[in-house]
Amino acid sequence: MTHQMTFRGASVPAEPGQSVGAALVAAGILDWRSTRGAGRPRGLFCGIGVCFDCLITVDGVPDLRACLVPARDGMRLGDDAPADGEQDGEQGGPHA
């Protein structure tokens with residue numbers, strides 16, 4: 001059974017056992033964040049959890065390595081996953 005995830009409003013299929021990063025790349029999505037300083041695109045690089053290029057927000061949890069997170073049905077990735085407390089226009093987090 002193929003899983004369906006959401007990334008920036010688009011449905012992304014994932015096969016059972018596939019990582020979030022592998023599913024995004026298989027769907028033709030090669031970058032999902034940008035660097036803070038220069039704004040350069042980042043996505044899957046090492047694919048084995050050694051680097052931090054593939055960081056993504058999954059279901060509201062920021063800074064997860066997409067190459068290590070198993071894909072599940074209904075996941076909201078990146079921009080589609082509001083951080084805790086940011087629903088209904090509220091800003092969340094310890095520095096809000």
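A residue is called buried when its relative accessible area is under 20%, exposed when it is over 50%, and partly exposed in between, as computed with a 1.4 Å probe on protein chains only. The structure is a predicted model, in which local features need pLDDT of at least 70 and side-chain atom pairs count only at pLDDT 80 or more, while totals for chains, interfaces and linings use all residues. Residues are numbered from 1 along each chain as its sequence is written, and side-chain values use heavy atoms, with hydrogens and water left out.

In soluble globular proteins, nonpolar side chains tend to be buried together. A nonpolar core is defined here as a set of buried Ala, Val, Leu, Ile, Met, Phe, Trp, Tyr and Cys residues joined through side-chain atoms within 4.5 Å. The largest such core comprises 18 residues, and M5, F7, V20, L24, W32, I56 and L77 have the most contacts inside it. At least two core residues are supplied by each of β1 (3-7), β2 (10-14), α1 (20-26) and β5 (55-58). Helix α1 gives the largest share, three residues. Helices (H or I, at least four residues) and strands (E, at least two) are DSSP runs, numbered from the N terminus.

Beyond its neighbours within four places in sequence, W32 is in contact (heavy atoms within 4.5 Å) with residues including F7, R8, L24 and I56.

R8 is placed in the loop between β1 and β2. The phi of R8 is near 50°, a positive value in a residue other than glycine. With a relative accessible area of 44%, R8 is partly exposed.

D59 lies in the loop between β5 and β6 (61-65). The phi of D59 is likewise positive, near 50°, in a residue other than glycine. D59 is partly exposed because its relative accessible area is 32%.
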